[in-house]
Amino acid sequence: MRLLDAFVELREAEYGEEHPLTANALRELGMSLSKLERFITRRRAIAALYDARFAGLAPTVRRAARTAGVEPAWHLYVLLIDFTALGTTRDAVFARLAHDDVGAQVHYMPVHLQPYYRQRAPDLDLPGAQAYYEAALSLPIHPSMSDADVETVASAVLELLDAKR
């Protein structure tokens, strides 16, 4: 079953015909969503290329944990890096990757550090979320990336890590 058809079926089962996003409206949206399966397939291929290039770097560099039996859509590709062990900082890594035209990011600031929660629960400490945030580095993973683009990103990251090891 196509992803869009499954979504339409789920929405109808959950909300019935009274829901503003009826089957017809969802099918109209399908003009955009029809690309989703192709995008997910490409992102999975990119993730596999990254996995191959970053294999064997643990424990200093690990990919983010995955759940057994779940095949992610790869909205993000996250490396978890022990910047301290490498004698550097995430900011320094960002700067170097930006110099090499690689747009790395961090997704996302933990909820307890967001201003809304800081005001309401200033003493809240979530060490697991904090540790993840401090180690996370998101690499570009977009369906329009070519294999050569992926290799450019991976090579820039590996070159930087090799220089720090």
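In this predicted model, three strands form an open sheet in the order β1-β2-β3, and their pairing is antiparallel. Strands of a sheet pair through backbone hydrogen bonds, either parallel or antiparallel. At the edges are β1 (61-63) and β3, each of which pairs on one side only. From one strand to the next the twist averages 30°.

The antiparallel strands β2 and β3 are joined by 4 bridges. L79 has L137, in β3, as its bridge partner. The helix α3 packs on this sheet and touches β1, β2 and β3; the direction of α3 makes about 20° with that of β2.

In soluble globular proteins, nonpolar side chains tend to be buried together. Here the largest nonpolar core has 28 residues, and those with the most contacts inside it are Y50, F54, Y77, L79, L97, L139 and V157. Two or more residues each come from α3 (36-54), β2 (77-81), α4 (90-99), β3 (136-139) and α7 (147-164). The largest share, 8 residues, is that of α7. Another core, of 5 residues, lies apart from this one; among its members are V78, L80, A135 and A136.

L79 links several parts of this picture. Which residues is L79 in contact with, leaving aside its neighbours within four places in sequence? The contacts are F54, V61, R62, R63, A135, A136, L137, L139 and V157. Among these, L137 is the bridge partner of L79 in β3, while F54, L139 and V157 are, like L79, among the residues with the most contacts inside the largest core.

Terms used: Residues are numbered from 1 along each chain as its sequence is written. This is a predicted model: local features need pLDDT of at least 70, side-chain atom pairs count only at pLDDT 80 or more; totals for chains, interfaces and linings use all residues. Side-chain values use heavy atoms; hydrogens and water are left out. A nonpolar core is a set of buried Ala, Val, Leu, Ile, Met, Phe, Trp, Tyr and Cys residues joined through side-chain atoms within 4.5 Å. Buried means under 20% relative accessible area, exposed over 50%, partly exposed in between (1.4 Å probe, protein chains only). Contact means heavy atoms within 4.5 Å. Two strands pair if DSSP finds at least two bridges between them. Axes are lines fitted to C-alpha atoms, for helices over the stretch in contact, and angles run from 0 to 180 degrees between N-to-C directions.
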